[in-house]
Amino acid sequence: MALDQESFDILLPTIQRFIRERLVPAENHLEEHDEVPADIIQDMKDMGLFGLTVPEEYGGIGLSVSQEVLVNYELGRTATAFRSVFGTNIGIGSQGILMDGTPEQKAEYLPKVASGELIMSFALTEPDAGTDAASLKTRADLDGDHYVLNGTKRYITNAPRAGAFTLMARTGGPGAGGVSSFILPANTPGIKLGKKDKKMGQRGTMTCDVIL
Ligand SMILES: Cc1cc2nc3c(=O)[nH]c(=O)nc-3n(C[C@H](O)[C@H](O)[C@H](O)COP(=O)(O)OP(=O)(O)OC[C@H]3O[C@@H](n4cnc5c(N)ncnc54)[C@H](O)[C@@H]3O)c2cc1C
């Protein structure tokens with residue numbers, strides 16, 4: 001999967017120009033207000049940045065990995081918070097659906113991911129499970145025809161703006177083999193968000209706990 005070269009040769013300079021003319025001048029705003037301005041987020045949606053790597057059949061641009069790398073080089077010229085706004089949509093937040101989702105899940109979620117209508121976050125890390133992610137403790141217990149989730153996820157990028165999470169929880173025994181992945185709408189009853197984390201840098205990025 002890749003965008004044809006001719007289209008990519010138009011897209012890349014467009015993104016370079018957006019970075020130069022819209023993002024770099026907004027860096028002071030990031031520092032002062034710790035937020036990405038709403039009009040910039042709208043411009044990102046209009047440009048298709050939320051769907052850079054989502055296949056065209058789901059409304060994305062369908063970049064290959066090497067094309068995405070070239071775009072990321074350019075995004076590296078400005079504050080990391082800008083890419084972070086759509087970074088979970090084109091990466092960890094939705095990749096699981098793309099790789100392993102059912103046709104129904106792909107049809108339901110990926111077009112909204114690509115347009116930016118839906119922000120997706122990836123919820124793996126926990127207070128006692130970081131590098132050793134396979135030791136996570138969040139439980140998902142089957143209760144009739146649904147699962148009951150209990151646990152706390154930590155440092156979840158874009159959680160304050162997420163409409164859904166790709167969330168890992170234990171359905172079986174110890175180790176990675178006992179972990180399952182869930183698509184969890186953010187408005188599911190019982191989900192609470194922690195206070196936005198105060199970080200030493202990366203102004204404008206958002207992380208917080210997700211408490212189930
Ligand atoms: C800005 C930010 C955004 C994040 N966004 C997300 C997100 O969207 N979703 C999500 O799920 N998580 C997210 N994380 C969490 C991130 O994935 C974890 O911080 C990471 O996995 C490390 O876990 P930890 O912080 O618990 O550190 P620890 O695992 O406690 O590690 C601390 C230190 O010990 C070292 N260490 C650990 N184990 C070993 C070992 N066996 N041998 C040698 N050294 C070791 C590590 O390299 C590290 O230097 C985010 C974190 C940050 C800082």
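E68 counts as buried because its relative accessibility is 16%, buried meaning under 20% relative accessible area, exposed over 50% and partly exposed in between, with a 1.4 Å probe and protein chains only. You'll find E68 in helix 4. Leaving aside residues up to four places away in sequence, E68 touches T53, L63, R83 and I90, where contact means heavy atoms within 4.5 Å.

A quick word on what you're looking at: this is a predicted model, where local features need pLDDT of at least 70 and side-chain atom pairs count only at pLDDT 80 or more, while totals for chains, interfaces and linings use all residues. Residues are numbered from 1 along each chain as its sequence is written, and side-chain values use heavy atoms, with hydrogens and water left out.

## Helix 1 against helix 4

Helix 4 (residues 65-75) packs with helix 1 (residues 5-23) at an angle of about 20 degrees, and their axes are 10 Å apart. That angle is why helix 1 is roughly parallel to helix 4; under 35 degrees counts as roughly parallel, over 145 as roughly antiparallel, 65 to 115 as roughly perpendicular and the rest as oblique. Axes here are lines fitted to C-alpha atoms, for helices over the stretch in contact, with angles running from 0 to 180 degrees between N-to-C directions. Helices (H or I, at least four residues) and strands (E, at least two) are DSSP runs numbered from the N terminus.

So who does the touching? Helix 1 brings F8, L12, I15, Q16, I19 and L23, and helix 4 brings Q67, L70, V71, E74 and L75. Sorted by type, the residues of this contact are eight nonpolar, two polar and one charged.

UniProt, in an unreviewed entry, lists residues 11-117 as "domain: Acyl-CoA dehydrogenase/oxidase N-terminal". In the model, that stretch is 69% helix and 0% strand, and its end C-alpha atoms sit 21 Å apart.

The unreviewed entry in UniProt also has "domain: Acyl-CoA oxidase/dehydrogenase middle" at residues 121-211. Here the chain is 0% helix and 44% strand, with 14 Å between the end C-alpha atoms.

## Two loop residues with positive phi

Most residues other than glycine have a negative phi. D34, in the loop between helix 2 (27-33) and helix 3 (38-47), has a positive phi near 55 degrees.

N158 is not a glycine either, yet its phi is positive at about 70 degrees. N158 lies in the loop between strand 4 (152-157) and strand 5 (164-170), and counts as buried because its relative accessibility is 0%.

Conventions: Ala, Val, Leu, Ile, Met, Phe, Trp, Tyr, Cys and Pro count as nonpolar, Asp, Glu, Lys and Arg as charged, and the others, Gly among them, as polar. UniProt positions are given in the numbering used here, feature names are shortened, and annotations may be inferred rather than shown by experiment.
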